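Subject: Structure handover

Hello,

Here is the structure for you to open. My notes on it follow below.

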Amino acid sequence: MCAHTPHLGVCYYPEHWPEDQWQSDAERMVSAGIRQVRIAEFSWARVEPERGRFDWDWLDKAVEILAQDGLSVTMCTPTATPPKWLVDEIPDMLAFDQNGQPRRFGSRRHYSFSHQGYRAESQRITTAFAKRYGQHPAVTAWQTDNEYGCHDTALSWCVSARDAFRLWLAEKYKTIDALNKAWGTIFWSMTYSSFDQVELPNLTVTEANPSHHLDFYRFSTEMVRQFNAEQVEILRQFSPGRAIAHNYMGMFDQFDHRPVAAELDIASWDSYPLGMLQNMKAAAPLDAQMQSDCLRTGDPDFQAFHHDLYRGMGRLWVMEQQPGPVNWASTNAVPAPGAVRLWSFEAAAHGAEVISYFRWRQLPFAQEQMHAGLCLPDGRDAPAMAEIQQFRAEVQQLDWGATAPAPIAVVYDYEASWMAALDGQSCDFHHLRLVLDMYQAVRQNGGSVDIVGPEADLSGYQLVILPAVLAVSGALATQLENTTAQILIGPRTGAKTADFQIPANLPPGPVQGLAGFCVEQVDALPADQPVACRWGNVEGRVSIWHERGAVTGTAEGQTEDGYPLMIHNQKVSYLTGWVDQKLFKLICAEQMKKAGLVVHDLPAYLRVRQRGDMLVFTNYGPSPARIPQSFTGGLLLGDRLVPPAGVAVLSVSG
């Protein structure tokens, strides 16, 4: 087995099962090829049933059983589920929703990141866990809390958040005049005379000032960062040498993950392809045919995008991988035969060190009783068990090289997601959906991608894509000026300043000269009423967003109402609208060729990712898909005709 071979993990909850079952569970985990076991993230009430009275015996025993069987433990801090006695002691620790209602006890994540009393309790219980298990040889990694922000909890609209927000604003702006200028409070007579007058941007008669709201997002990110950093500092002190992770989520942008990840070693995430396919359908427009064809495999690019996103923030782990039907989506289909193996290979291809399945055994009670595990509630193997064992056997036969930087960078900015939502103008404009559409276009052409932030070093990339970075910093603009890479800029880039105002020189602001285009008017269209367009000999559609303005570069393509589709200016191409996927694919193919990259015409649902000297092909479609002859490497796994939910691996040639 090579040093970079991915390991299998599982999420285990010994407190849910009789103690006389733990030993056999551990033995079966080992026989299934599992090496890493995550435990204790929801255990606070069991460990500390009342203040100061700790019951460690059960958790000590569970750790020892896992350790004796050679399993490594990822220990979690249990702060996502503060116990009832603590809520009763400090009831104002509860988060409040945007309607001003408390998020009450009875599920999870019922705390405000801004509440100093709860922050102190978080540090206290983290210290207790770190002192107890920080030096245990089986505890090789830690996870802080669980899924920051899940259930819309990254932003709390409580009194403690309001008070902390005022302090944050005073530190940022120094004077109230500076805040008034940045927010444009002269509008609607919103001017403040002191920071203590600033309320939270909710419960207003109509929409709140967007600059006010944007700063509240930034403040909320800082609260999450501080909360996480407090735990990390304790874990570093009492458990040195152990890697620390947090498990992020898919399609979640309520806080900027990068400042949080900067404190950590591992950027893990929870991958639920089928559940997220349903959530995406509800949140943003999706291709109806893809929705049907991929019902049991998931969006072909959704998992890949998040692997690349989080790999850019640290060592990549998948802390929770869907093993069967989930319980929380609008509908919950059974995965296609082979899909769990497919998702595991996708994660490995993108550099995952550990792929951990949620959960070991399906629970017969409480909120997640319909969520599948690797075992059925009665202990028998669920269908996914055979797939992970097949995956384990296959990955050990392959030479997994280190994950190298890709030649293509897609710049994804969390603040752009907030701005796009707050600016409104189109209720159908879903920022992350646009980013995914452009990412998908590169993948359809056989490209491998890095997802980077707006402050990343762009040197070394051959193609840089900015789907919609609404506020372009001076540093980013300078990098784009100086890079030798081909640049593709998407619509709405440079549309705002950092203070959420229209740039003085009009969009795209700092990159207007690079783009050869000045936006003078925006046509915000209904998603179901597109405008026909033509690019070369190809007919297509523009929907949701289209920009009109003055062209100083070379215009190319045209909408049916006579406005240009693309502007070329030396190494830069500016796309003026949200085009359909056929056009995105062709445009990205042209950009890749200009950048000196090879383009491969893949079948509809076939994708490829290079890792080391291997090309990993995954088929998300309902029919067999043939690997194009333009890939000339030898087969290492599978066949060139990849079955539905199938995988093939080729060697890299040339």
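Arg492 sits in the loop between S12 and H18. Helices (H or I, at least four residues) and strands (E, at least two) are DSSP runs, numbered from the N terminus. Arg492 has a positive phi of about 80°, although it is not a glycine. Arg492 is buried, with a relative accessible area of 0%. Buried means under 20% relative accessible area, exposed over 50%, and partly exposed in between (1.4 Å probe, protein chains only).

Two points on the source. This is a predicted model, in which local features need pLDDT of at least 70 and side-chain atom pairs count only at pLDDT 80 or more, while totals for chains, interfaces and linings use all residues. Residues are numbered from 1 along each chain as its sequence is written, and side-chain values use heavy atoms, with hydrogens and water left out.

Other backbone points:

- Pro508 is in the loop between strand S12 (486–489) and helix H18 (512–515). The peptide bond from Pro507 to Pro508 is cis, with omega near 5°.
- Phe358 and Arg359 are joined by a cis peptide bond, with omega about 10°. Arg359 lies in the loop between strand S8 (354–357) and helix H14 (383–395).
- Glu147 has a positive phi near 50° and is not a glycine. Its place is in the loop between strand S4 (139–143) and H6. Glu147 is buried, at 6% relative accessible area.

Next, the helix pair. Helix H6 (residues 159–173) packs on helix H7 (residues 176–183) at about 95°, with the axes 8 Å apart. Axes are lines fitted to C-alpha atoms, for helices over the stretch in contact, and angles run from 0 to 180 degrees between N-to-C directions. H6 is therefore roughly perpendicular to H7 (65 to 115 degrees; under 35 is roughly parallel, over 145 roughly antiparallel, the rest oblique). H6 contributes Phe165, Leu169 and Tyr173 to the contact, and H7 contributes Ala178, Leu179, Ala182 and Trp183. Contact means heavy atoms within 4.5 Å.

Now helix H15 (residues 414–423). Its buried residues include Tyr414, Trp418 and Met419. The buried residues of H15 pack against helix H8 (210–238), helix H9 (257–261), helix H12 (302–311) and helix H16 (431–444). Asp413 caps the N-terminal end, with a side-chain oxygen 3.2 Å from the backbone nitrogen of Glu415. Gly424 follows H15, and its phi is positive, near 60°.

Then Tyr563. This residue is in the loop between strand S16 (554–559) and strand S17 (564–569). Tyr563 is partly exposed, at 28% relative accessibility. Leaving aside neighbours within four places in sequence, Tyr563 is in contact with His546, Arg548, Gly557 and Gln558. The side chains of Tyr563 and Arg548 make a polar contact of 3.4 Å. A polar contact is a pair of N or O atoms within 3.5 Å; within protein, one must be able to donate a hydrogen and the other to accept it, and residues adjacent in sequence count only if both atoms are side-chain atoms.

Last, a sheet. Four strands form an open sheet in the order S20-S21-S25-S23, with antiparallel pairing. Strand S20 (606–611) and strand S23 (635–637) are the edge strands, each pairing on one side only. Two strands pair if DSSP finds at least two bridges between them. S20 and strand S21 (residues 614–619) have six bridges. Arg609 stands opposite Val616 in S21.

Best wishes
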